[in-house]
Amino acid sequence: MEKLTAMIIDDEKDASNALKMMIESYCPDIQLLHIADKPEQGIKKCRKLKPVILFLDIEMPIMSGFDVLESLHDMSFYTVFYTTFSKYAIDAIKHNAFDYILKPLVADDLMTSITRVKKAVRDAALLEQLDPEDASVLSLRSGS
């Protein structure tokens with residue numbers, strides 16, 4: 001699998017740098033395209049660069065991470081919320097978050113999230129390879 005691209009939108013530069021360092025140290029198969037510390041700038045860069053993964057803070061000035069997602073509703077990427085607050089987890093699920101990582105970042109949490117994204121990307125690629133004729137059959141495993 002080729003490197004997956006990622007982008008960070010977070011107004012806290014220390015947190016962004018910590019995430020960047022962890023990605024570089026523990027996730028060599030992730031290419032970090034850009035770090036935006038302003039949501040508006042992040043939206044423009046995200047549209048231009050089209051990352052596979054968007055690491056997104058929630059509480060930011062002017063626009064929240066949820067506002068950012070609404071602005072990017074027509075794009076497809078895996079959203080990993082990267083925030084200090086656990087209280088937004090339900091809202092994140094309602095905004096189709098792929099994952100939710102709490103600050104301060106723990107390497108195991110990041111690696112688990114990246115592993116899940118890579119599996120989802122592989123699964124999506126396999127689905128794209130299916131012959132539409134084969135899609136007419138659905139197999140289900142029963143308890144017995």
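## An opening case

Is Lys-13 buried or exposed, and what is its relative accessible area? Lys-13 is exposed, its relative accessible area being 53%, where buried stands for under 20% relative accessible area, exposed for over 50%, and partly exposed for what lies in between (with a 1.4 Å probe and protein chains only).

The structure is a predicted model, in which local features need a pLDDT of at least 70 and side-chain atom pairs count only at pLDDT 80 or more, while totals for chains, interfaces and linings use all residues. Residues are numbered from 1 along each chain as its sequence is written, and side-chain values use heavy atoms, with hydrogens and water left out.

Lys-103 is placed in the loop that runs between β5 (99-102) and α5 (107-129); helices (H or I, at least four residues) and strands (E, at least two) are DSSP runs, numbered from the N terminus. With a relative accessible area of 11%, Lys-103 is buried. If its neighbours within four places in sequence are left aside, the residues in contact with Lys-103 (heavy atoms within 4.5 Å) are Asp-10, Glu-12, Ala-15, Asp-57, Tyr-82, Thr-83 and Thr-84.

What joins the side chains of Lys-103 and Asp-10? They meet in a salt bridge, with 2.8 Å from N to O, a salt bridge being a side-chain nitrogen of Lys or Arg within 4 Å of a carboxyl oxygen of Asp or Glu. This pair links distant parts of the chain, for Lys-103 belongs to the loop between β5 and α5, Asp-10 belongs to the loop between β1 (4-9) and α1 (13-26), and 93 residues separate the two. Lys-103 and Asp-10 are both buried, and they also take part in a network of salt bridges that links Asp-10, Glu-12, Asp-57 and Lys-103.

Lys-103 has another feature to look for, namely that the peptide bond leading from Lys-103 to Pro-104 is cis, with omega near -5°. Pro-104, like Lys-103, has its place in the loop between β5 and α5.

## Other salt bridges across the chain

The whole structure, when searched, contains 10 salt bridges. One of them is formed by Lys-13 with Asp-37, whose closest N and O atoms are 3.3 Å apart. Lys-13 lies in helix α1, whereas Asp-37 lies in the loop between β2 (30-36) and α2 (39-49), so this pair ties together parts that are 24 residues apart in sequence. While Lys-13 is exposed, Asp-37 is partly exposed, with a relative accessible area of 21%.

The side chains of Lys-118 and Asp-29 also meet in a salt bridge, at 2.5 Å from N to O. Since Lys-118 is part of helix α5 and Asp-29 sits in the loop between α1 and β2, the pair ties together parts that are 89 residues apart in sequence. Asp-29 is partly exposed, and its relative accessible area is 24%.

Which residues of α2 are buried? They are Pro-39, Gly-42, Ile-43 and Cys-46. Because they cover an arc of only 105° around the axis, they are on the same side of α2; the arc is that of the directions from the helix axis to the C-beta atoms. As background, an α-helix has 3.6 residues a turn, so residues three or four places apart point the same way.

The buried residues of α2 pack against β1, β2, β3 (53-56) and α3 (65-71), whereas on the other side of this helix Lys-44 and Lys-48 are exposed. After α2 comes Lys-50, which has a positive phi, near 50°.

## Positive phi in two loops

Ile-62, found in the loop between β3 and α3, has a phi near 70°, which is a positive value in a residue other than glycine. Ile-62 is exposed, with a relative accessible area of 75%.

Asn-96, in turn, lies in the loop between α4 (89-94) and β5, and its phi, near 60°, is again positive in a residue other than glycine. Asn-96 is exposed as well, with a relative accessible area of 65%.
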